[in-house]
Amino acid sequence: MRDLDKLPKVHLHLHFTGSMRVSTLREMAEQQGIRLPANLVDNVALSVPADQRGWFRFQRSYDAARKVVSSEEAMRRIIREAAEDDAQEGSRRLEIQVDPTSYAPFVGGLTPALEIIVDEARTTSRVTGVEVAVIVAASRMKHPLDARTLARLATTFAGDQPGDVIGFGLSNDERRGNTSEWAGAFNIARRGGLAAMPHGGELLGPEHLREVVAHLKPTRIGHGVRSAEDPDLLARIVDAGIALEVCPASNVSLGVYPDESAVPLQVLFESGAQIALAADDPLLFLSRLTDQYRIARDLGATDRQLADMAISSINSSLASEHSKSKWRAEVRDWLATDEYEQGNTD
Ligand SMILES: [Zn+2]
């Protein structure tokens with residue numbers, strides 16, 4: 001079997017705080033004398049009975065982790081380590097998602113918070129060789145007018161170079177708020193040159209996804225896995241060329257599916273959907289980028305299908321055509337390399 005860490009791929013759904021290494025979180029907490037909930041540092045991934053999994057437990061853990069990120073240094077370290085970890089796993093590009101609101105109070109406001117992230121993403125791209133781009137994500141827990149402010153700010157950092165903001169997202173509990181109320185923020189983002197990349201179709205099903213598609217006009221959807229429950233909707237998503245950021249470990253940890261075999265990877269793949277496997281929040285799910293490809297392999301995907309998934313992730317990214325064609329060629333090289341020969345190059 002070929003080495004999945006060597007399979008060239010890109011990473012399109014990773015949250016800023018959720019990307020942290022457990023060791024980094026622990027170290028930062030100790031430095032500040034912050035006591036963390038045991039479940040955050042015990043190296044057991046949200047491992048609770050299936051009937052107790054779910055959003056609120058996740059949200060509490062995430063909030064506790066976020067409290068530890070209270071300086072420019074911490075913010076820079078998170079970006080740098082996320083890219084370093086991605087590099088280890090064959091990722092050529094990381095589109096990292098961040099809501100700068102939570103970090104703003106520690107660094108003098110929203111604008112400096114985003115400036116720090118963008119600046120570090122640029123530096124880290126140069127140092128690690130992984131292109132790091134930024135997606136600014138609003139939260140469903142806040143007023144939709146907050147999202148407009150964030151969208152305006154995000155557009156001032158828009159661009160297509162490493163470090164630039166490339167997209168605008170909407171994250172947090174899908175069950176909160178009316179999706180249509182965020183249309184204004186997404187319009188601002190789109191007019192400012194940003195792609196729409198909201199979450200949808202993970203905790204809620206096809207009905208919610210239809211609203212996300214209609215009101216937010218996504219280029220990509222965070223998750224969207226539950227489109228598999230409605231063939232017509234899935235066909236529309238495929239026809240519209242909307243890519244899906246699929247995070248199997250996250251789905252299972254949040255109790256959306258009872259186990260990995262229930263994640264409808266095959267259905268999505270066979271529908272012709274552009275899918276990009278991603279980790280979402282490795283800090284909480286203890287499952288990183290390559291692990292998602294490992295899950296697909298365990299479910300029966302051949303190396304050719306895994307290579308197709310990697311190419312699908314590349315095509316779903318907002319990288320330049322030049323980068324994309326280079327990485328696709330590297331995927332073909334991976335597939336062309338005899339698995340034994342590849343093993344010997346370690
Ligand atoms: Zn997410």
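In which sense do E3 and strand E4 pair, and over how many bridges? E3 and strand E4 (residues 165-171) pair in the parallel sense, over 6 bridges. The model is predicted, so local features need pLDDT of at least 70 and side-chain atom pairs count only at pLDDT 80 or more, while totals for chains, interfaces and linings use all residues. Residues are numbered from 1 along each chain as its sequence is written. Helices (H or I, at least four residues) and strands (E, at least two) are DSSP runs numbered from the N terminus, and two strands pair if DSSP finds at least two bridges between them.

**Around strand E3**

On the E4 side, Val 134 stands opposite Val 165. Strand E2 (residues 91-98) is also joined to E3, by 6 bridges and in parallel, with Leu 94 having Val 132 of E3 as its bridge partner.

| Strand pair | Sense | Bridges |
|---|---|---|
| E2 and E3 | parallel | 6 bridges |
| E3 and E4 | parallel | 6 bridges |
| E6 and E7 | parallel | 2 bridges |

**The open sheet**

Four strands form an open sheet with parallel pairing, in the order E6-E7-E8-E9. Strand E6 (199-200) and strand E9 (275-277) stand at its edges, each with a single partner strand, so one side of each is left without a neighbour in the sheet. Helix H15 (residues 303-316) packs on this sheet, touching E7, strand E8 (243-246) and E9, and its direction makes about 105° with that of E9.

**The whole chain**

The protein has 17 helices and 9 strands. Its radius of gyration, taken over C-alpha atoms, is 19 Å, close to the 20 Å that the globule rule gives for 346 residues, so the protein is as compact as a globular protein of that length; the rule is 2.2 Å times the number of residues to the power 0.38. Of the 346 residues, 48% count as buried.

How values were computed. Two residues are in contact if their C-beta atoms, placed from the backbone, lie within 7 Å. Axes are lines fitted to C-alpha atoms, for helices over the stretch in contact, and angles run from 0 to 180 degrees between N-to-C directions. A residue is buried if 20 or more other C-beta atoms lie within 10 Å of its own, exposed if 12 or fewer, and partly exposed in between; C-beta atoms are placed from the backbone.
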